[in-house]
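Please keep the coordinates open while you go through them.

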Amino acid sequence: MMAASLLTPNEAAVVAGVTLRDVNRVIDERILPERLYSVADGRRVHLAACPLVGFYVRAARALTAEERLALIGRFSERITAPLLARPFEGWAEADWRVDDDFLSVSLSPFVADADTRGTRLGAAQARVTEDPAILGGMPVVRGTRIPVHDLAASVATGLPRERILAAYPDLDGEALDLAVLYAEAHPARGRPRRLSVVPPDARPTDDRTIARKRRKAKVTGSAAPCV
């Protein structure tokens, strides 16, 4: 379970299973009820709103924007104060089905998915630490000096998992997966660092420039006399 109820847009995107752009759009267009997000001191989305965000974005192929917006209004009415205070605890027993004439829609799959994603992100955050005494406070896998964003970058470039794990004997597959998830929810700021895992097709380079000697062309034959 996530420790915090208010998430950054990147964290909310991971839990809802959508993109950061989708989360910002939901806020900008005021698709969510105001009690489920905040923009007062940086954008924050309530953990309890993630199933609604996931539903609005991922149900776009089946329902119109007007239908989705109306359903979010009805679903959000069922997120009572106790459910809002303890997101996803007891939500499985709640009634998330809405019937409107011929249309019958359930939020339950999105609740279950957000619960699973939120639990996974909570595990990732617990597996990562930021200590000023270790690499200047850079996020690293707990108990190691392995930067999580280096791991995520290595995976993003397509390096085989076996190669990455071989480069870090103290790392296991579960820690690698959690590191990648953490990096997705907490992108690195500034210019990307140089990877510590060398790609298999890398070639050594030399920054020195070697000046090439210009060869003089040989002149053959004799020049024609001037008339």
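1. In this predicted model, Phe55 and Phe110 are both buried. Their rings form an edge-to-face aromatic pair, with 5.5 Å from centre to centre and 85° between the planes. Because Phe55 belongs to helix H3 and Phe110 to helix H6, the pair ties together parts that lie 55 residues apart in sequence.

2. Phe55 also pairs with Phe75, which is likewise buried; the ring centres are 5.6 Å apart and the planes stand at 85°, so this pair too is edge-to-face. Here the link runs from helix H3 to helix H4 (residues 65–77), across 20 residues.

3. Helix H6 covers residues 108–127, and its 20 residues should span 28 Å at 1.5 Å a residue, which agrees with the 29 Å between its end C-alpha atoms. Its buried residues, among them Phe110, Val111, Ala114 and Leu121, fall within an arc of 155° when seen down the axis, so they line one face of the helix. The face turned away from that buried side carries the exposed residues Pro109 and Thr116, while the cover over the buried residues includes helix H1 (9–16), helix H3 (50–58) and helix H9 (173–185).

4. As for confidence, the chain averages a pLDDT of 85, and 81% of the residues score at least 70. Residues 198–227, however, have a pLDDT below 50, and this stretch has five contacts in the model beyond near neighbours in sequence.

5. Finally, the charged end of Arg68 sits over the ring of Tyr56, 4.4 Å from the ring centre.

Note on methods: Residues numbered from 1 in each chain as written. Predicted model: local features only at pLDDT ≥ 70, side-chain atom pairs only at ≥ 80, totals over all residues. Heavy atoms only, no water. Helix = DSSP H or I, 4+ residues; strand = E, 2+ residues; numbered from the N terminus. Expected span 1.5 Å × (residues − 1). Buried < 20%, exposed > 50% of the residue type's maximum accessible area, 1.4 Å probe, protein only. Arc of directions from axis to C-beta. Contact = heavy atoms within 4.5 Å. pLDDT = per-residue confidence, 0-100. Phe/Tyr/Trp six-rings, centres within 6.5 Å; stacked < 30°, edge-to-face > 60°. Lys NZ or Arg CZ within 6 Å of the ring centre and 35° of its normal.
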